[in-house]
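Please look over the sequence and the structure before reading on.

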Amino acid sequence: MAILTTTQAGLDFIGGTAYIQTGGTTIMSLQTDGKVGIGSTTPSATLDIMKDGGAIIRLHDPGNNSWKLKADTDFHIYDDSGSDYLTIKNSGNVGIGSTAPKTSLDIVKDADIWHFMVGGATKKLLIGGQAASGDVVLQAGAASTVNNAAVTTAYNLCLQRDGG
């Protein structure tokens, strides 16, 4: 066992497992089976990160926005400004633009226009709305595009609040 004691930081090898310590507290462990623990001396996965209040992973490209992954009682993806883009609740509900999804998939956009689109290049379903006009649009077919919740092209199916 070797311990580096300068400023109470050190690297401690015990039975082939490496522990990185500071102030007598283990902050990282490298197991002989290749598992790495950050905040854990007994990692149960290839990378096991533990922290009271939620573990955060930051992905950063200098000069650009950073993305953060956070696991607390729920899972979040957010940016440096704290805007939460995706939340997966421990109940399984998923929120995009919402930290409190009320259904299996809850998509919220605070701007005037919102939409949800599924499908491929030739078959699409779009559900959208515009807060200012009150329009809600359901579009189906290859021509479906996000167009401010207004009908501007031909669709196989299009329903609007005014019956058009």
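The structure holds five salt bridges. A salt bridge here is a side-chain nitrogen of Lys or Arg within 4 Å of a carboxyl oxygen of Asp or Glu. The model is predicted: local features need pLDDT of at least 70, side-chain atom pairs count only at pLDDT 80 or more, and totals for chains, interfaces and linings use all residues. Residues are numbered from 1 along each chain as its sequence is written, and side-chain values use heavy atoms, with hydrogens and water left out.

**Salt bridges**

| Asp33 | Lys35 | 3.6 Å |

Strands (E, at least two residues) and helices (H or I, at least four) are DSSP runs, numbered from the N terminus. Both residues of this pair are partly exposed, Asp80 with a relative accessible area of 38% and Arg58 with 47%. Arg58 and Asp80 also belong to a network of salt bridges that includes Lys68.

Asp74 is buried, at 11% relative accessible area, whereas Lys89 is partly exposed at 25%.

**Strands and sheet**

The protein has 15 strands and zero helices. Six strands make up an open sheet with mixed pairing, in the order β6-β7-β8-β9-β10-β11. Because β6 and β11 (105-107) stand at the edges with a single partner strand each, one side of each has no neighbour in the sheet. From one strand to the next, the twist averages 15 degrees; axes are lines fitted to C-alpha atoms, for helices over the stretch in contact, and angles run from 0 to 180 degrees between N-to-C directions.

Two strands count as paired if DSSP finds at least two bridges between them. Strand β6 is joined to strand β7 (residues 66-71) by six bridges, and the two run antiparallel. Within this pairing, Ile56 has Lys70 in β7 as its bridge partner. The hairpin of β6 and β7 has five residues between the strands, and Gly63 there takes a positive phi near 90 degrees. Strand β7 is in turn joined to strand β8 (residues 75-79) by five bridges, again antiparallel. Here Ala71 has Phe75 in β8 as its bridge partner.

**Phe75**

What does Phe75 touch, not counting residues up to four places away in sequence? Its contacts (heavy atoms within 4.5 Å) are Leu69, Lys70, Leu86, Thr87 and Ile88. Phe75 lies in strand β8 and is partly exposed, with a relative accessible area of 29%. Asn90 is 15 residues from Phe75 in sequence, and the two are 7.8 Å apart in space, C-alpha to C-alpha.

**Surface and whole protein**

A nonpolar patch on the surface is formed by Ile57, Leu59, Trp67 and Tyr85, which together have about 370 Å² of accessible area. Patches are made of residues with over 30% relative accessible area and no salt bridge; like charges are joined within 9 Å and nonpolar side chains (Val, Leu, Ile, Met, Phe, Trp, Tyr) within 5 Å. Areas come from the Shrake-Rupley method with a 1.4 Å probe, and for residues only the protein chains shown count as cover. Ile57, one of the patch residues, is found in strand β6 (residues 55-60) and is partly exposed at 34%.

The protein exposes about 10,300 Å², of which carbon and sulfur atoms supply 58%. Of its 164 residues, 24% count as buried. Among contacts between residues at least 6 apart in sequence, 4% join residues at least 24 apart.

Methods: Buried < 20%, exposed > 50% of the residue type's maximum accessible area, 1.4 Å probe, protein only.
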